[in-house]
Protein chains: 4
Amino acid sequence: MMCGMAPDPNRRRESSRRAILTAAFDLLQEVGYAKLTIEGIAARAGVGKQTIYRWWPSKGIVIFDAFLMLNEAPEGGPPLLPDTGDLHADLTAVLRATVVELNDPRYDQPLRALSTEITHDPELAAAYVERLDKPMRQAKRQRLRSAQQAGQLAEDLDLDMAVDIIWAPVLNRWLQRSGPLTTEYADSIVAIALDGLRPRRPGD
Amino acid sequence: MMCGMAPDPNRRRESSRRAILTAAFDLLQEVGYAKLTIEGIAARAGVGKQTIYRWWPSKGIVIFDAFLMLNEAPEGGPPLLPDTGDLHADLTAVLRATVVELNDPRYDQPLRALSTEITHDPELAAAYVERLDKPMRQAKRQRLRSAQQAGQLAEDLDLDMAVDIIWAPVLNRWLQRSGPLTTEYADSIVAIALDGLRPRRPGD
Amino acid sequence: MMCGMAPDPNRRRESSRRAILTAAFDLLQEVGYAKLTIEGIAARAGVGKQTIYRWWPSKGIVIFDAFLMLNEAPEGGPPLLPDTGDLHADLTAVLRATVVELNDPRYDQPLRALSTEITHDPELAAAYVERLDKPMRQAKRQRLRSAQQAGQLAEDLDLDMAVDIIWAPVLNRWLQRSGPLTTEYADSIVAIALDGLRPRRPGD
Amino acid sequence: MMCGMAPDPNRRRESSRRAILTAAFDLLQEVGYAKLTIEGIAARAGVGKQTIYRWWPSKGIVIFDAFLMLNEAPEGGPPLLPDTGDLHADLTAVLRATVVELNDPRYDQPLRALSTEITHDPELAAAYVERLDKPMRQAKRQRLRSAQQAGQLAEDLDLDMAVDIIWAPVLNRWLQRSGPLTTEYADSIVAIALDGLRPRRPGD
DNA sequence: GCTTAAACGAGACGGTACGTCGTGTCTTGCA
DNA sequence: TGCAAGACACGACGTACCGTCTCGTTTAAGC
């Protein structure tokens, strides 16, 4: 017994949904976030504007859903980080991959757009954390836990913080362009995060 | 020889400049980034739109300048971090202050707006790094260098990276709302950053 | 041989037809011609839009049919004008009735809507002339012919023109609101039409 | 001290005004009333939609103003009807001219549009009566008064009604297409109006 | 009475136009 | 001449309807 009756999802046309999300993502690449318009998405998708407004409450959620579609499509089970036993090497490889992805021009504009939307919309941020961040974070924590059990990480270490300390600097440098985002930067971050800022005793 | 003539900065009316920047900052708090308009700023500042377009090339730079005005006003010389000799305590205090500022509702919307503009405009990002980030980073590096000279930090440590590792997690959590941004979080980040993720030998 | 198959009139649901026409007429009164929409009619009639599109080619014809329904319903045979032998009195009475009907707020909006549709759609105009105008005109002509045979009207008078000369001024004043539409106006029109604009010899 | 501050007519751009009214009139001819849109007018006039909305409260008034522009432009003083002394001939000539104008395809659609707007908007109707109908009616009355003074019309004749009786049938037949609108029709109307429906004594 | 094909209600869809808002430019008149 | 005021061409907004198109669900004719 609600008013403002929500549309019936059964009647939703899947082809339109995909066309809209694809168009949104493609346009983000091509024209950038500032020039992304609902009208543009609708035109590119060959869809009426109302079809977008009917199913998505805001442009930000369209963008978010576009990423969801991308990430859910090719998945074969939950993501996993490599575990060769060499924590330093594994983390370096993964963080380098992150750097490469952030430097990929195909993802640059869309990712910045997603970041902006998350920054300004708490609900979207929650959805992001839940749907996109959580699975990756799980995998990262998983790798760290494995290292912890092998005695390679401090016993009382909060793994979520460890994840933050490793990945946040890279994301931040990318967002703010506070310096070149290179694989060397990734390497150094991993090294410093593992060993800490303080001098280590010889023999470690 | 009078095409595209740049306006004469000498004739610029200072009162209008301040009114515009103040209005921009206030409106950011009140209506948020998405609803911040040039017309709104002009109206609030009691100024013609052209006066904004004459002196600022984009809305982002108005926002940026608004922050510049704030940060340059009360300054008595370059900023400094406390140096009690106890690095852990000093860093904790400063990072806690950062957390408090980020949680201050007066700065929340404006800071997010600034962040968004930087994310999407490389030129603005460069200006940000140069004019706002650099001075603070200088102060942070300064404190770390002092510690390094006292043997409290690794000799070969890249201090810029150290700054990133300490401050990026806090900024990131704030931007993405990936978790509660508390002083405890700040404390833990400092602790982990200093000691690293690896287990320390007893006696450290 | 099955393209564009016309719907089978036998299966037509009479209740829907009446509901649609009633809804159309009522909405005309309530919201006026400009805001009359097919969706509105369908909603008010508790009917799907397609049911309207299936049976009526245009909104104008729905309106027209609504009038047809009204006029055909209470009919017991063809309409007749009173014939007391006193032509002046009879015409005055009938034209006064016309004025009263045009001034009735229940019919004002619907009639204006009908008029507009007729004005812009020649086919509809033909239907109007045939189905609504003709029967009334017949009755009017009948009364005039009776007077003509009694020697009260010129022998060679074109009765259709006589009808026009008597009724058109009233309709026109109503449509254009070029002046108050009163029974006195009707009276004067009849008087002038009968006697003509020229001065009459005494003794007429 | 008003809110909803009306725009300042001094700042109005005359060229835009003319372009809009011309475009509106031309489009009425070309696409007809039903397909006349504000967007279409703006596009054809090379003007922003807002410029139309700023100065005209409704589409009907744009149409009305388009006619005003047409009628005020070529005027050299108030309009006059021919006065040869032969009332019958003069009226016939003028009413024939009316018929010709109504049959002119350049004016057909625009006039029907104007008629529709007047029918549905009382305010517009008042403006029409005042600005467009009144001057013509004045000229018509003038000619009739001249005839009246010459003893060719009844002394106590209400000249406004006389005008109605002569012109309304033609307008009505044109609007409703209730029959062919020919010069013969005009002739007959004049003849019948002058002599009345009743038989005249021989010698008149 | 059971089947089956239609008309039906509901409403999603690709579109068009609405009337509003903001952009960045241009013009006018005041100081 | 710098400025406030604001008109302007332009483009996007979010909404309302258009007319078409599925969907299941009646419903009435024909087997």
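Modeller: A helix, as the word is used here, is a DSSP run of H or I that covers at least four residues, with the helices numbered from the N terminus. In this model, which is predicted, Trp174(D) has its place in helix H8 of chain D, a run that covers residues 159-176.

Colleague: Why is Trp174(D) called buried?

Modeller: The relative accessible area of Trp174(D) is 6%, and a residue counts as buried when that value is under 20%, so the term applies to Trp174(D).

Colleague: Which residues is Trp174(D) in contact with, leaving aside its neighbours within four places in sequence?

Modeller: Trp174(D) is in contact with Leu102(D), Asp108(D), Leu111(D), Arg112(D) and Leu181(D), once those neighbours are set aside.

Colleague: What makes the meeting of the side chains of Trp174(D) and Asp108(D) a polar contact?

Modeller: The two side chains come to 3.4 Å, and since a polar contact requires a pair of N or O atoms within 3.5 Å, one able to donate a hydrogen and the other to accept it, the pair is counted as one. A polar atom of the side chain of Trp174(D) also lies 3.2 Å from the backbone oxygen of Leu102(D).

Colleague: What does the contact take from chain C and from chain D?

Modeller: Chain C gives 48 residues to the contact and chain D gives 48 residues, while the area buried between the two chains is about 4,600 Å², with 60% of it given by carbon and sulfur atoms. Of the area that chain C buries against chain D, Ile165(C), Leu197(C) and Arg198(C) supply 17%, which is more than any other three residues.

Colleague: What does the domain assignment of chain A give?

Modeller: Chain A is assigned domain 1 (13-69) and domain 2 (87-195), whose C-alpha centres lie 27 Å apart. Between them these domains bury about 1,200 Å², 78% of it on carbon and sulfur atoms, and Tyr33(A), Phe64(A) and Phe67(A) supply 47% of the area that domain 1 buries against domain 2, more than any other three residues.

Colleague: What is the count of salt bridges between domain 1 of chain A and domain 2 of chain A?

Modeller: That count is zero, whereas two residue pairs are in polar contact between these domains, with both residues at pLDDT 80 or more. Helices H1 (14-31) and H4 (59-72) of chain A each supply at least two residues of the side of domain 1 that touches domain 2, and H4(A) gives the most, with six residues. The residues of this side of domain 1 divide into eight nonpolar, three polar and no charged.

Terms used:
Residues numbered from 1 in each chain as written. Chains lettered and ligands numbered in written order. Predicted model: local features only at pLDDT ≥ 70, side-chain atom pairs only at ≥ 80, totals over all residues. Heavy atoms only, no water. Buried < 20%, exposed > 50% of the residue type's maximum accessible area, 1.4 Å probe, protein only. Contact = heavy atoms within 4.5 Å. Buried area = accessible area lost by both parts, 1.4 Å probe. Domains from an automatic or database assignment. Salt bridge = Lys/Arg side-chain N within 4 Å of Asp/Glu carboxyl O. Nonpolar A, V, L, I, M, F, W, Y, C, P; charged D, E, K, R; others polar.
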